[in-house]
Amino acid sequence: MIQEGQIYTGRVRGIKPFGAFISIRSEEKSKDGLCHISQISTRRLESPSEILKTGQEVFVKVIKVQNDGKISLSMKNIDQSKGVEILETETMESRGQKRRQDADLWELTQMNNAFGAKRIALMGNGGEDPYAEVDEAPEQDSEEEEVEIEVSKSVPSFLKGKNLKLDVDESALTVTKNPEGSMTRVAQYGSKFMSEAKTRKLEKKKEEERNKRLEEKIRMNGDPLNQITRPTENEIKKSAYEEWQRQSKNQSYGIRSNMSIKEQRESLPVYQKRDELLRLVQQNDFLIVVGETGSGKTTQITQYLAEEGYSSKGVIACTQPRRVAATSVAKRVAQEVGCKVGEEVGYTIRFEDCTSNKTIIKYMTDGMLQREALVDPDLMKYSVIMLDEAHERTIATDVLFALLREAVIRRKGGLKLIVTSATLDSQKFSRYFENCPVFHIEGRTFPVKIFYTKEPELDYIQSSIETVIDVHTNNPPGDILVFLTGKEEIDTCCETLVEKMSLLRAEKPHVSELIVLPIYSSLPSEMQSRIFEPTPSGKRKVVLATNIAETSVTIDGIYYVIDPGYVKVNAYDPKLGMDSLIVQPISRAQADQRSGRAGRTGPGICYRLYTKNAYLNEMPANTVPEIQRQNLSYTILMLKAMGIDDVLGFNFMDRPKEQLILTALEELYILDALDENGVLTEFGKRMAFFPMEPLLSKTLIQSIEFKCSDEVITVIAMLSVPDIFYRPKEKRDEADRIKAKFHDYNGDHLTLLNVYNKWSDADNPRLWCQNNFIHEKSMRRAREVRRQLLKIFDNLDKRERQAESSVISCRGNWDLIRKAFVSGFFKNSAKRAATHDPDEGSYRTLVENTPVHIHPSSSLFRKHGVDYVIYHTLVLTNKEYMHCITKIDPKWLLMYAPRFFKTADSSQLSTKKKTEKLQPLFNRNDPKENWRLSKGRR
DNA sequence: CACTCCTTA
């Protein structure tokens, strides 16, 4: 018999990313003639493959032999040369030694089926491989048992003494400059017009349902909306085509083709300052460039640097916050240089590396350079890096600020950094970069006349609509751009404008036609591109846009901008782990950016639907940088992976609140990416290989142990793209019905898997998407993410010297997929509220007990018998909604997140429940207690 | 009964 507490010789049977499988020799067979291989896991900083080799003999201590024959092992404090226990006395241990031991602890994990249990037959002297492996069938879930679960977070030593509890005030978003101002109040209460439109819509729907005859009548007479838009749509298309043909013949190439590329380049404002700019670059390692729009900085500065010879010392890089910007600028510059994209001039974005060894000018996304800094912190292949559009302050740019600042200093003149900024914060930028000079290049835009309202507007939707109609009826030709906060507002405004215009034109036939077009990111791209069609003469176009039209999309021919002064901003609440989409007043910088959109093709006018006083006194100067209002766990993991341990002291230009960093650290600790001392674990290192949120990378790695990585890769690819379900206004119900065909009983993660599988099986994927109301673009993107993930898995296998691929299919055992997600997303778990709860259908999160709701788009919406769930994200919009939800068995929380959950206090349980209760409370920190986790699972 | 925007080997 194998004895507890004894040291045995074992043999390493296989090395896993986490640890190893170890088999133990024993004199006697176990009851069923089988001996178990146990899994041993490690938290060392080295990879297990660096410590152990397959076939190697090791000394292990048996901690526990269970009734079913399962064995718990440990290698902690076993002298591997002698096979004896190292006994230490407490007094000898200095604090430092203790710490090192903690970090080196070989942690033991009781093997169970979910973690890839294998049995080996013990054959005696039969001559066959005594270690031949026998796969054990995955255990089916036993019938439901009631378990009460509560959170039992332990605070790691590196976070002890830190204030992890937040004050209520602090957890809420406070970014407004003037919380008492009229704009803030309006933002809080919302538009009366909107809420009225909403109730009107609801009533309308009710009426329609009640009276089918009326519906038929409407159909016979024609829907008022369609009556107006349909004939005009054809007209637009026809005349737009004619217009386009006329323009492409004479005009659109007109100005450009008259000028040679050389002449065009020399006509840019930046050309006048070429020599001065190059002198400053030569004299300084850091340089701030304030380049207004139309100055030519993005396309020219890189070329000047290359002409000046900087390319001989390394690649000249220029970062952009968006993928399209990186590719389109690279194409333009390649044209100017006279090469193909990918030769001397290239670009690198995710999934697309269009560079070669000839490339000397490289445009890339800021996120891409951030990933590159992870591999090479000194960025040795670059001689100059230009952080373009830095005033947008994306998280990647902010991180690069600090990383590049250090890299430039370390490389002592070998690397130059150019940062572009807006006028407003150029001094701040200069101070941060060692008081470097600021270089101004004037832009080339047309003047924009700005009008303010005399009184504060109480309903910005209503006044936007009124202003549009006013401009249309009274002002000379020129298209209108209106900035609204979201899809719902835009749709309602579109409808109202079309209605109002038809009434107006019936009354006053001389009023010209107004073409109303919406644009927001979730609109399919063929609908989006309609805004670029030129306006037929004699008509006017009004584009209702979200802030997508501030930077990402530029529409030619806009002469009027209507700016109500609000945006929807995402503010992450670290305490609740919840994104909040809140309507807020914009910043002054943003207001200026918006008005600038009127002056691109000629002098323009901007109507600001707020007072000048509000602009000056209620609006903050700058938008709060993203790094101060997002979940930072991915960013912090990257920093840790770069060897930056003191993230609290990291030199951010605008430091995020300590709470935001602390909760990110805590999240990483909970996921086992950080150890007790806040040091990156081997597991965390592996997580950093994946370009995604830590919750996702943890799930991905765990899925190997759950033997369902193939499927989990697909689901995570689907989670990493924008919403795949398309819901056009007219065919909403049909779309919903078709979507329901994909629903899985257990929730949205598996629904996504269904969709992906059906899509990849389809003969004609394009047609399939059309028929099933699915965004084809997102699906193709998901396939790209999937491919990338497969590659990363492959690389990890090579790194771990794994012969077999760790991409494993669960072959239909989809419970394993849900279990894998529990092991990553246990933090995002919620429990159905008690049935007597007044708010029926609501849930409460296990971590903070926040009331939350199932989003109506979920396949679990209004489903019964769903008591425990995990969710992908929590977003506060109209309500606190969980998005992408999957039903789970609460026992899984105990099994796969044992450091985080425990069963509820036994005194609260009924006697019946007590007998069924899975586990007594145990000491999570004692490896000897780990065996309890899977006891009772038979 | 429902969605600001963007990115990441």
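I started with the UniProt record, where an unreviewed entry places "domain: Helicase C-terminal" at residues 464-643. UniProt positions are given in the numbering used here, feature names are shortened, and annotations may be inferred rather than shown by experiment. In this predicted model, I find residues 464-643 to be 36% helix and 24% strand, with the end C-alpha atoms 51 Å apart. Helices (H or I, at least four residues) and strands (E, at least two) are DSSP runs, numbered from the N terminus.

I then took "domain: Helicase ATP-binding", which UniProt lists, again from an unreviewed entry, at residues 278-442. That span is 40% helix and 25% strand, and its end C-alpha atoms lie 17 Å apart.

Conventions I keep to: residues are numbered from 1 along each chain as its sequence is written, and chains are lettered from A and ligands numbered from 1 in the order in which they are written. As this is a predicted model, local features need pLDDT of at least 70, side-chain atom pairs count only at pLDDT 80 or more, and totals for chains, interfaces and linings use all residues, while side-chain values use heavy atoms, with hydrogens and water left out.

Next, DNA strand B. I count a residue as near the strand if one of its heavy atoms lies within 4 Å of it. There are 37 residues around DNA strand B, and M368, K487, K568, D723 and R727 come nearest. I sorted the residues of this surface into 11 nonpolar, 15 polar and 11 charged (Ala, Val, Leu, Ile, Met, Phe, Trp, Tyr, Cys and Pro are nonpolar; Asp, Glu, Lys and Arg are charged; the others, Gly among them, are polar).

Which elements supply at least two residues each to this surface? I noted α13 (366-375), β24 (566-573) and α30 (776-799); α30 gives the most, with four residues.

The side chain of K568 gives 2.4 Å, that of T546 2.8 Å, and that of N878 3.3 Å.

Last, I checked a helix pair. V755, K758 and W759 in α28 meet P765, W768 and C769 in α29 (contact means heavy atoms within 4.5 Å). The residues of this contact divide into five nonpolar, no polar and one charged.

Conventions:
A polar contact is a pair of N or O atoms within 3.5 Å; within protein, one must be able to donate a hydrogen and the other to accept it, and residues adjacent in sequence count only if both atoms are side-chain atoms.
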